[in-house]
Amino acid sequence: MRKERLKFLAQGILLFILGLLFISNPIRQGSLFLMLIGIVLTFIGIVIIIDGIILTQGLKYKLLRIVEGILFSGFGVVFFLRNPARGAALMISFVVIMMIVLAVVNTIAVFKSNHNVKWLAIFLNILVIWFGFQSLLDPQLAVAIFYWTVSFQLIFTGINHIVMYFIIPDLFDV
């Protein structure tokens, strides 16, 4: 459980810093953002593949983890090696969808908590979902506005993960 808490804290700080970096100059940071996402996805995919091969129990779960790792690495390699501008819309849509799913899962998990801060986490998750749908449902958004909504989503997800660091022990007490 301690590893999960530290993972939430590290992810929260990283996402918050990435969101602040991205919001400072969204158009100029777009290429850097996509390269960073490509590197991170490639690394995460490799870690998931190794986890699937070594640590995961059961053949169907091993195969699922390996396929998941290949998909993550594939997205990372494609957008890291190619011109990042060409894949910006697809990549940011992928990130937005991942953050929406994460926000929904976090909301369900936090809702069971008795911690006083749970309503802040739920509010932040709702903001992440709202910004995500704004980004996905309006493809005519200007590039800067599209990047700004993603940067706000990164910031809110980062703050939410930092809040989750403090809530996680209470989730297991319920």
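Biologist: Is Glu-68 buried, partly exposed or exposed?

Modeller: Glu-68 is partly exposed, as its relative accessible area is 29%; buried means under 20%, exposed over 50% and partly exposed in between, with a 1.4 Å probe and protein chains only. Please note that this is a predicted model, where local features need pLDDT of at least 70, side-chain atom pairs count only at pLDDT 80 or more, and totals for chains, interfaces and linings use all residues. Residues are numbered from 1 along each chain as its sequence is written, and side-chain values use heavy atoms, without hydrogens and water.

Biologist: Which side chain meets Glu-68 in a salt bridge?

Modeller: That of Arg-65, at 3.2 Å, N to O; a salt bridge is a side-chain nitrogen of Lys or Arg within 4 Å of a carboxyl oxygen of Asp or Glu. Both residues lie in helix H3, three residues apart, about one turn of the helix. Helices are DSSP runs of H or I with at least four residues, numbered from the N terminus.

Biologist: How many salt bridges does the structure hold?

Modeller: Two. In the other, Asp-51 meets Arg-65 at 2.8 Å, N to O. This pair links distant parts of the chain, with Asp-51 in helix H2 and Arg-65 in helix H3 (residues 59–81), 14 residues apart. Through shared partners, Asp-51, Arg-65 and Glu-68 form one network.

Biologist: Which residues in H5 are buried?

Modeller: Among them are Ala-121, Leu-124, Val-128 and Phe-131.

Notes
Helix = DSSP H or I, 4+ residues; strand = E, 2+ residues; numbered from the N terminus.
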